[in-house]
Amino acid sequence: MKLKLATKEDFEQFLLVKEEFFEDYSISRKSKEFIFKEFKEYLLKGAIALAIENEEVIGYLAGEIEENPYEQVGYISEIFVKKEYRSKGISTKLKDKFLEFLKEIHLTVCRIYVNPDNP
(Lines give C-alpha, C1' and ligand atoms only; values in the text may rest on other atoms or scores of the structure.)
Protein backbone atom coordinates (compact mmCIF):
# COMPACT_ATOMS: atom_id res chain seq x y z
CA MET A 1 0.00 0.00 0.00
CA LYS A 2 1.19 3.49 -0.83
CA LEU A 3 0.29 6.71 0.98
CA LYS A 4 0.43 10.14 -0.62
CA LEU A 5 -1.05 13.60 -0.46
CA ALA A 6 -3.57 14.19 -3.23
CA THR A 7 -3.09 16.55 -6.13
CA LYS A 8 -5.69 17.78 -8.63
CA GLU A 9 -4.69 14.88 -10.89
CA ASP A 10 -6.03 12.41 -8.29
CA PHE A 11 -9.61 13.66 -8.46
CA GLU A 12 -11.09 10.91 -10.67
CA GLN A 13 -9.72 8.17 -8.38
CA PHE A 14 -10.88 10.11 -5.31
CA LEU A 15 -14.35 10.42 -6.86
CA LEU A 16 -14.71 6.63 -7.08
CA VAL A 17 -14.00 6.08 -3.40
CA LYS A 18 -16.11 9.12 -2.41
CA GLU A 19 -19.12 7.55 -4.13
CA GLU A 20 -18.61 4.43 -2.02
CA PHE A 21 -18.50 6.69 1.06
CA PHE A 22 -21.95 8.07 0.18
CA GLU A 23 -23.30 4.55 -0.30
CA ASP A 24 -21.84 3.16 2.94
CA TYR A 25 -23.21 5.98 5.07
CA SER A 26 -26.55 6.28 3.24
CA ILE A 27 -25.81 9.86 2.27
CA SER A 28 -27.47 11.18 -0.86
CA ARG A 29 -25.04 11.38 -3.75
CA LYS A 30 -23.59 14.76 -4.64
CA SER A 31 -22.84 15.96 -8.14
CA LYS A 32 -19.37 15.55 -9.60
CA GLU A 33 -19.07 19.34 -9.67
CA PHE A 34 -19.95 19.59 -5.96
CA ILE A 35 -17.39 16.91 -5.05
CA PHE A 36 -14.71 18.58 -7.22
CA LYS A 37 -15.35 21.92 -5.51
CA GLU A 38 -15.05 20.24 -2.09
CA PHE A 39 -11.88 18.42 -3.23
CA LYS A 40 -10.25 21.68 -4.37
CA GLU A 41 -11.21 23.40 -1.09
CA TYR A 42 -9.49 20.67 0.92
CA LEU A 43 -6.36 21.00 -1.21
CA LEU A 44 -6.46 24.79 -0.77
CA LYS A 45 -7.16 24.83 2.98
CA GLY A 46 -5.36 21.65 4.02
CA ALA A 47 -4.68 18.27 2.46
CA ILE A 48 -6.19 14.96 1.42
CA ALA A 49 -4.17 11.87 2.28
CA LEU A 50 -4.78 8.90 0.00
CA ALA A 51 -4.19 5.19 0.58
CA ILE A 52 -3.52 3.43 -2.73
CA GLU A 53 -3.43 -0.27 -3.49
CA ASN A 54 -2.88 -1.59 -7.04
CA GLU A 55 -3.27 1.92 -8.52
CA GLU A 56 -6.70 2.30 -6.82
CA VAL A 57 -7.60 4.69 -3.99
CA ILE A 58 -8.84 2.49 -1.15
CA GLY A 59 -9.17 5.19 1.50
CA TYR A 60 -8.72 8.86 2.23
CA LEU A 61 -8.49 11.42 4.98
CA ALA A 62 -9.56 14.99 4.29
CA GLY A 63 -8.19 17.59 6.66
CA GLU A 64 -8.10 21.36 6.93
CA ILE A 65 -6.21 24.06 8.72
CA GLU A 66 -8.52 25.95 11.06
CA GLU A 67 -7.62 29.49 11.96
CA ASN A 68 -8.98 31.72 14.67
CA PRO A 69 -7.55 34.84 16.29
CA TYR A 70 -5.55 32.73 18.76
CA GLU A 71 -4.20 29.74 16.87
CA GLN A 72 -3.93 27.60 13.79
CA VAL A 73 -4.72 23.90 14.17
CA GLY A 74 -5.22 20.91 11.95
CA TYR A 75 -8.70 19.47 11.78
CA ILE A 76 -9.58 16.02 10.46
CA SER A 77 -12.85 16.51 8.62
CA GLU A 78 -13.49 13.12 7.08
CA ILE A 79 -11.88 9.71 6.95
CA PHE A 80 -13.02 6.70 4.95
CA VAL A 81 -11.63 3.28 4.04
CA LYS A 82 -13.34 0.81 1.70
CA LYS A 83 -15.06 -2.04 3.55
CA GLU A 84 -12.75 -4.79 2.35
CA TYR A 85 -9.71 -2.89 3.66
CA ARG A 86 -11.00 -2.00 7.13
CA SER A 87 -9.43 -3.23 10.39
CA LYS A 88 -5.96 -3.24 8.80
CA GLY A 89 -4.62 -0.01 10.30
CA ILE A 90 -5.18 2.07 7.17
CA SER A 91 -7.07 4.84 8.98
CA THR A 92 -4.17 5.14 11.42
CA LYS A 93 -1.70 5.38 8.55
CA LEU A 94 -3.81 8.07 6.87
CA LYS A 95 -3.94 9.98 10.16
CA ASP A 96 -0.18 9.70 10.50
CA LYS A 97 0.31 10.99 6.95
CA PHE A 98 -1.87 14.03 7.72
CA LEU A 99 0.01 14.67 10.99
CA GLU A 100 3.27 14.50 9.04
CA PHE A 101 1.87 17.19 6.70
CA LEU A 102 0.93 19.35 9.71
CA LYS A 103 4.42 19.01 11.20
CA GLU A 104 5.96 20.09 7.89
CA ILE A 105 4.00 23.34 8.07
CA HIS A 106 4.88 23.73 11.78
CA LEU A 107 1.48 22.93 13.31
CA THR A 108 1.48 20.84 16.46
CA VAL A 109 -2.22 20.52 17.26
CA CYS A 110 -4.80 18.46 15.40
CA ARG A 111 -8.48 17.98 16.25
CA ILE A 112 -11.16 15.58 15.21
CA TYR A 113 -14.81 15.57 16.18
CA VAL A 114 -16.42 12.15 16.22
CA ASN A 115 -20.11 11.32 16.13
CA PRO A 116 -20.72 9.14 19.22
CA ASP A 117 -23.13 6.99 17.16
CA ASN A 118 -20.44 6.14 14.61
CA PRO A 119 -19.16 2.63 15.35
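Predicted model: local features only at pLDDT ≥ 70, side-chain atom pairs only at ≥ 80, totals over all residues.
Which residue's side chain does Lys95 meet in a salt bridge? Good morning, colleagues. Lys95 pairs with Asp96, with an N to O distance of 2.8 Å. Lys95 is partly exposed, its relative accessible area being 30%. Asp96 is likewise classed as partly exposed, at 39% relative accessibility.

Let me place this pair in context. The model contains 13 salt bridges. As a general principle, side chains of opposite charge can pair when their charged atoms come close.

I turn next to Arg111 and Glu71, whose side chains form a salt bridge with an N to O distance of 2.9 Å. Arg111 belongs to strand 5, residues 110-112, while Glu71 sits in the loop between strand 3 (56-67) and strand 4 (72-81); the pair therefore ties together parts that are 40 residues apart in sequence. Arg111 has a relative accessibility of 29% and counts as partly exposed. Glu71, with a relative accessible area of 30%, is partly exposed too.

The next pair lies within a helix. Glu100 and Lys97 form a salt bridge in which the closest N and O atoms are 3.5 Å apart. Both residues are in helix 3, residues 90-104, and because they are 3 residues apart there, about one helical turn separates them. Glu100 is partly exposed, at a relative accessible area of 39%.

Finally, I draw your attention to a group of residues. Which residues are linked in a network of salt bridges? They are Lys18, Glu38 and Glu78. Thank you for your attention.

How values were computed
Residues numbered from 1 in each chain as written. Heavy atoms only, no water. Salt bridge = Lys/Arg side-chain N within 4 Å of Asp/Glu carboxyl O. Helix = DSSP H or I, 4+ residues; strand = E, 2+ residues; numbered from the N terminus. Buried < 20%, exposed > 50% of the residue type's maximum accessible area, 1.4 Å probe, protein only.
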